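I opened this one to go through a few spots and jot down what turned up. Here are my notes, in the order I took them.

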Amino acid sequence: MADYLVQMQGIDKSFDNVAACVNCQFELLAGEVHALVGENGAGKSTLMKILAGVYRKDAGQIFLRGQEVDIHNPHSAQMLGITMIHQELNLMPHLTVAQNIFIGREPRHSIPFLLDELATNQRAKEILSQLHLNLNPKQRVGGLSVALQQMVEITKALSYNSQVMIMDEPTAALTEAEIEELFHMIHRLRDQGMGIVYISHRMEEIKRISDRVTVMRDGRYIETLLTPETTIDRVISLMVGRTIYESKPELPDTKSAEVVLEVKNLNRGRELRDVNFHLERGEILGFAGLMGAGRTEVARAIVGADPCDTIELKIMGKPVTIRSPKDAVQHGIGYLSEDRKRFGLVVGMDLANNVGMASMTKFLSTLGIINDKKIAETANDHVDALAIKTPSVHQRVRNLSGGNQQKVVIAKWLCADTDILIFDEPTRGIDVGAKSEIYRLLNELARHGKSIIMISSELPEILRMSHRIIVMCEGRITGELTSAEATQEKIMQFATQRSELVEKSREANLSTH
Amino acid sequence: MQTGTLSHETSGTAARSLVRSEALQRILAFAALVILIVLFSLASPNFLQARNIEGIFLSTAVNGILAIGVTFVIVTGGIDLSIGTVMTFCAVITAKLVTEGGVSIPVGILGGILTGALAGYVNGTVISRMRVPPFVATLGMLYIAKGLSLILSELAPIYFERGSGFTDLATGVIVSIPGVIDIPNAVLIMFGAALIGSFILSRTLLGRYTFALGSNEEAARISGVNTAFWKIIVYTLTGLFSGLAGVVIAARLNSAQPSLGQGYELDAIAAVVIGGTSLSGGEGSIFGTVIGAFVISVLTNGLRILSVPQEWQMVLTGAIIIVAVFLDMFRRRR
């Protein structure tokens with residue numbers, strides 16, 4: 001048997017009698033990047049949180065270098081050299097880089113409880129330079145980009161002399177360049193003999209970065225594969241337990257030339273400049289572009305969530321003024337935020353109330369009392385229509401998977417009788433199986449005459465789903481493509497056009513001087 | 001390497017704007033205080049009289065000590081509503097110990113301060129171990145301490161012996177510029193408390209974890225900080241300062257007044273907020289709190305000298321609190 005760095009066997013864990021992990025196993029070698037994949041709710045995060053001491057296992061054994069260990073809290077995991085870098089970064093924004101790195105074991109003076117700030121900064125500097133990171137130890141973490149915050153977390157992990165590093169969706173909020181940076185770092189750490197567990201939904205990344213892949217499904221261990229010897233399709237089919245076809249589905253051909261929404265002359269400072277476009281009935285209009293191109297800003301301006309300098313809106317040909325999201329709802333526009341948990345759902349409330357949230361007045365009796373029964377009935381209809389997987393409509397939304405949460409948001413806007421739906425990154429954080437269901441649902445909605453704006457950073461998604469594609473760059477619309485003429489290359493050209501023009505004009509300026 | 005250029009850019013600009021904004025906030029509270037002093041001294045010749053300044057010092061002391069203490073729980077993102085009545089309870093304990101227990105004055109003082117720490121410890125335990133929200137837990141303690149004060153004192157003030165020297169602790173004068181101004185001891189105690197508090201908050205493990213709790217408690221916990229334990233310590237420390245305030249107010253009045261106390265917690269929280277400490281936690285300074293305490297007492301004193309009715313003093317204090325927090329939010333948003 002090989003010398004395993006970590007071995008987990010027969011791990012069971014349940015929350016409130018719902019099993020999250022059943023008889024799970026996991027093995028990690030020193031000097032490997034081991035990807036852990038599975039749909040949301042497959043139990044991968046739970047399993048790793050057990051290893052990192054966040055949760056305590058109900059049953060099973062954990063071996064570190066062949067010795068059984070008892071990990072009862074995050075601190076004991078760290079002392080054993082096991083660190084987890086969580087999806088929602090665990091840093092204290094008000095403290096400095098150095099203070100964050102040494103939290104919990106601050107260098108002290110000889111007098112008890114007195115901090116040695118000098119040593120803290122000095123030692124932080126040393127570790128940072130070992131990692132070739134040019135960060136100021138005295139910088140407050142709250143002022144750093146997500147990518148740099150992540151580097152601080154990695155630095156923190158290394159300062160514990162960690163041998164095992166678990167990364168939960170590390171690239172979710174990073175740009176392409178930052179992902180490259182992170183991968184360099186991961187490779188360097190691997191080559192130093194560290195064992196790295198890499199949890200991700202992004203198959204291309206897993207193919208690139210990992211040496212082995214372990215697949216989990218429904219809280220169970222399925223299989224471990226050597227990455228170079230397997231294919232993405234194989235991994236996906238193991239994940240979902242069925243073979244899904246990624247082929248391009250037929251778009252509903254129901255779009256009519258009837259213009260339902262017209263946006264003209266949308267301007268806001270330097271963020272949005274002269275944005276004009278229209279949306280037709282039954283159409284899915286894709287908004288492509290790089291991060292920060294201004295797509296979300298356009299959506300938020302339309303629904304009145306943010307003020308803008310100028311905007312002319314026409315709905316069904318009639319000029320309208322929208323000053324707040326409330327006005328937007330009354331005009332039949334619903335905005336589905338990319339950050340469902342923060343802006344889309346009241347996760348602590350039940351499904352029924354979330355579905356009714358945007359249209360509560362419909363459920364009021366004449367005395368102004370909320371008719372809970374009617375809400376539950378309506379919610380039930382939507383649960384059936386959208387195939388939301390939930391024990392009942394009284395289930396708290398927090399306990400639903402990402403895909404089902406997204407469906408609840410959709411149900412909310414359908415319940416509010418909106419005809420224009422703006423989806424901002426509708427499949428972010430949703431696993432592969434649920435993704436195709438969301439796609440099917442979008443097609444369904446368009447077929448029934450809803451008009452959809454879909455903002456997405458995933459080009460395959462844009463190409464697969466859109467009748468028409470608008471590309472933005474630096475606050476401007478730089479191109480428009482029909483689904484027939486669109487390719488990834490063309491979209492990327494438009495998405496990067498603006499900066500090239502700037503470069504060129506700058507060059508021209510330079511040459512004239 | 002790429003990271004180099006990337007980090008350099010962000011750290012440079014972010015650090016600069018941070019320095020600017022933090023400096024701005026300190027200047028704001030301080031400037032407000034200076035402006036108030038200038039306005040009042042222009043409006044009334046009595047304001048800058050030595051007697052009046054001594055009065056301001058004396059009236060700042062108790063609120064200042066309470067505010068310094070409560071700054072700690074507020075930085076953790078919590079709140080302590082019980083500081084006012086706990087203060088009174090500690091005063092009663094000290095008075096009981098000295099007048100009926102027959103102990104020496106220093107022992108009585110120690111008893112009062114430890115009583116405060118004990119009340120804080122109970123608060124912290126209820127919040128941290130029993131997971132009762134701070135607002136509710138300390139609201140409960142507010143009533144408990146109030147009730148116990150009344151029971152123990154049998155509803156009557158307890159007076160210290162005249163000539164026992166106890167009152168000198170607050171009203172006596174060690175530091176003075178002869179013929180110009182006498183600085184009451186109470187305010188020296190407050191400054192001492194401020195120095196110690198500031199040192200704890202910025203230089204010790206306890207201070208670091210106070211900020212960590214307020215900034216991201218879960219992150220601190222996952223980093224291996226015993227958050228439950230440190231939270232209890234923070235509430236205990238706040239209680240300890242309430243105990244000190246109890247001793248000072250007893251010395252100042254040469255008695256323990258069991259019906260006093262309620263309302264003091266709000267003055268103290270107001271001072272903390274005016275001083276720029278965020279109620280959502282993670283940020284704050286003792287220096288700001290002391291300035292905030294002075295803003296409140298200067299305002300009250302100045303308006304009284306101008307014979308503005310007490311009701312209007314309240315209205316103005318309220319407005320200043322809102323403006324202070326608004327300016328702070330405005331700074332943060334930029």
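**Helix 11 of chain B**

I started just past helix 11 of chain B, where B:Ser307 takes a positive phi of about 50°. Before going on, I noted that this is a predicted model, in which local features need pLDDT of at least 70, side-chain atom pairs count only at pLDDT 80 or more, and totals for chains, interfaces and linings use all residues. Residues are numbered from 1 along each chain as its sequence is written, while chains are lettered from A and ligands numbered from 1 in the order in which they are written.

Helices (H or I, at least four residues) and strands (E, at least two) are DSSP runs, numbered from the N terminus. I looked up the span of helix 11 (residues 286-305) of chain B: its 20 residues reach 28 Å from first C-alpha to last, close to the 28 Å expected at 1.5 Å a residue. The expected span is 1.5 Å times one less than the number of residues.

Next I checked burial (buried means 20 or more other C-beta atoms within 10 Å of a residue's own, with C-beta atoms placed from the backbone). In helix 11 of chain B, 17 of the 20 residues are buried, so the helix is largely enclosed by the rest of the structure.

**Strand 18 of chain A**

I found five of the five residues of strand 18 (residues 451-455) of chain A buried. A:Ser451, A:Ile453 and A:Ile455 point one way, A:Ile452 and A:Met454 the other.

Then I went through its pairings (two strands pair if DSSP finds at least two bridges between them). Strand 13 (residues 284-289) of chain A runs parallel to strand 18 over four bridges, and A:Ile284 has A:Ile452 as its bridge partner. Strand 17 (residues 420-424) of chain A is also parallel to strand 18, joined by five bridges; here A:Asp424 partners A:Ile455.

**An open sheet in chain A**

I traced four strands of chain A in the order 12-11-14-15, an open sheet with antiparallel pairing. Strand 12 (272-280) and strand 15 (318-320) of chain A are the edges, each with a single partner strand, so one side of each has no neighbour in the sheet. Strand 14 (residues 310-315) and strand 15 of chain A share three bridges, and I noted A:Lys314 opposite A:Pro319.

Last, I looked at contacts (C-beta atoms, placed from the backbone, within 7 Å). I have 30 residues of chain A in contact with 29 of chain B. On the chain A side, helix 2 (74-79) and helix 6 (176-191) each give two or more residues. Helix 2 of chain A has the largest share, three residues.

Key: Contact = placed C-beta atoms within 7 Å. Buried ≥ 20, exposed ≤ 12 C-beta atoms within 10 Å, placed from the backbone.
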